[in-house]
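These are my notebook entries on the structure displayed below. I set down what I looked up, item by item.

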Amino acid sequence: MISIAHPLIGSEEQEAVLRVLASGQLAQGEQVAIFEQRFAEMCGTREAVAISTGTAALYLALLAHNIGPGDEVITTAFSFIATANVILHVGATPVFVDIEADTYNIDPALVEAAITPRTKAILPVHLYGNPCDMQRLEQLAKIHNLALIEDACQAHAAKIDDRVVGSFGTGCFSFYPTKNMTTGEGGMITTNEPDVAAKLRLLRNHGQHTRYYHTEPGYNMRMTEIQAAIGIVQLNKLEQFNEQRISNARFLTTHLRGSIPTPIARPGYRHVYHQYTIRVPHNRDQWATMLHERGVSTGVHYPLPIYQQPFYRESLSRFRISPPVSTVNTVCDPSDFCLPETELAAQQVLSLPVHPALSEDNLFTIIQEVGTLCN
Ligand SMILES: Cc1ncc(COP(=O)(O)O)c(C=O)c1O
């Protein structure tokens, strides 16, 4: 079976972990500081703050920008659930706008209409490793004085021209095992704002200013030395991993283009292919089953728009959709909450294996089996 994800951990990571275990310093220490510095260098930001998970990174980023009850955060409903849940966790309201049909990323043309006096932030997601249109989102954030918090959990070292994602606003990254680089579990926040970084450092460590003196009711969301030691090695390999993903994606697109809609990367955009996602216009789930039977595992990222998840449907006051009622289209029941492109994507997307551990044979099998279904 060709797996949809395959973390690549080698002897360097194992040796780095053993060195940490032998050192006796297991929690946040020198390895974390080195990892932070190197990650900030990679992103071109002044600061990077290591955190326990990507979800915790998003949550603390919202808190560090003073977002809380009564505030609204504009985001996408076509993402992993954590993107929206953290907005609820700080007591604010997620406002979902639709996505672009070709990139699956938040549509900047729809963001401005969603802004109200309560809006405090825009939270775009660089979905599948493909950067959002950050020039336009950056401009909107500036004009309306909003925080820009990037969910870059799937987009390590993705770029627009020379700018790395996570450097346009406050960037949040995940190092979950399936990601382009991993620390087992882990997260990072990048920022150019020293006061935001200082608040994050307090919040992740119980609000501790000096030993046993606490200026904030913070949390324990620290990274361990073991995670950071793995992260340093993985960061050294990130370019190689990403280049292999890009090369695998190029191979798949060369052979599948014309038979099925394949991923797009705009000129000047570096898509790092956390996922390689095609659009299957009909019977997507049947395709997934048939590919599985033929030895190719696939993923559906994501089968339900976040506002359709049971917890969100339970209480419609938890979120807002912009525009509020669906316009005439073929996808939605006009009486229902609906973002047409989001709904359509949730029905049609299918991710194929693209990870750097794929062999040439694996790639040929994928195009052969997908090609058979296309005919
Ligand atoms: C888009 C997105 N946001 C947030 C997260 C949460 O990251 P983590 O699993 O590290 O908490 C993930 C990862 O799963 C993700 O893909």
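**Ligand site**

I began with the ligand and found one of its oxygen atoms 2.7 Å from an N or O atom in the side chain of Ser174. I count such a pair as a polar contact when the N or O atoms lie within 3.5 Å; within protein, one must be able to donate a hydrogen and the other to accept it, and residues adjacent in sequence count only if both atoms are side-chain atoms. Taken alone, the ligand exposes 390 Å², and the protein buries 92% of that. I note that accessible areas come from the Shrake-Rupley method with a 1.4 Å probe, and that for residues only the protein chains shown count as cover.

I record that this is a predicted model, in which local features need pLDDT of at least 70 and side-chain atom pairs count only at pLDDT 80 or more, while totals for chains, interfaces and linings use all residues. Residues are numbered from 1 along each chain as its sequence is written, and side-chain values use heavy atoms, with hydrogens and water left out.

The side chain of Gln154 has an N or O atom 2.9 Å from an oxygen atom of the ligand. For Gly54, a backbone N or O atom lies 2.8 Å from a ligand oxygen atom. I find that 15 residues surround the ligand (one heavy atom within 4 Å of it). The closest are Gly54, Thr55, Asp151, Ser174 and Lys179.

**Helix 1**

Helices here are DSSP runs of H or I with at least four residues, strands are runs of E with at least two, and both are numbered from the N terminus. I took helix 1 (residues 11-23) next: its 13 residues reach 18 Å from first C-alpha to last, close to the 18 Å expected at 1.5 Å a residue. The expected span is 1.5 Å times one less than the number of residues.

Which residues of helix 1 are buried? I find Glu13, Ala16, Val17 and Val20, where buried means under 20% relative accessible area, exposed over 50% and partly exposed in between (1.4 Å probe, protein chains only). Seen down the axis of helix 1, these buried residues fall within an arc of 100°, so they line one face of the helix. The arc is that of the directions from the helix axis to the C-beta atoms. On the other side of helix 1, I find Leu18, Arg19 and Ala22 exposed.

The buried residues of helix 1 pack against helix 2 (30-43) and helix 8 (225-256); contact means heavy atoms within 4.5 Å. I looked at Glu13 separately: its relative accessible area is 1%. Leaving aside neighbours within four places in sequence, Glu13 is in contact with Leu8, Ile230, Val233, Gln234 and Lys237. Just after helix 1, Gly24 takes a positive phi of about 85°.

In helix 7 (residues 194-203), I list Val196, Ala197, Lys199, Leu200, Leu202 and Leu203 as buried. Their cover includes strand 1 (47-51), helix 3 (54-64), strand 8 (170-174), strand 9 (187-191) and strand 10.

In helix 8 I looked up Ala249, which is buried at a relative accessible area of 1%. Not counting residues up to four places away in sequence, Ala249 touches Tyr273, Tyr276 and Val354. Ala249 and His271 are 22 residues apart in sequence, and their C-alpha atoms are 9.7 Å apart.

Helix 12 (residues 360-374) has 15 residues, which should span 21 Å at 1.5 Å a residue; I find its end C-alpha atoms 21 Å apart, in agreement. Its buried residues are Leu363, Ile366, Ile367, Glu369, Val370, Gly371 and Leu373. They pack against helix 8, strand 13 (276-279), helix 9 and strand 15 (349-352).

**Backbone geometry in loops**

I noted two cis peptide bonds. One joins His301 and Tyr302, with omega about 20°; Tyr302 is in the loop between helix 9 (284-293) and helix 10 (310-314). The other runs from Ser322 to Pro323, with omega near -5°, and Pro323 is in the loop between strand 14 (320-321) and helix 11 (340-348).

I also looked up positive phi values. Asp161 has a positive phi of about 50° although it is not a glycine; Asp161 is found in the loop between strand 6 (159-160) and strand 7 (163-164). For Tyr212, phi is near 65°. Tyr212 lies in the loop between strand 10 (208-210) and strand 11 (213-214). At 62% relative accessibility, Tyr212 counts as exposed.
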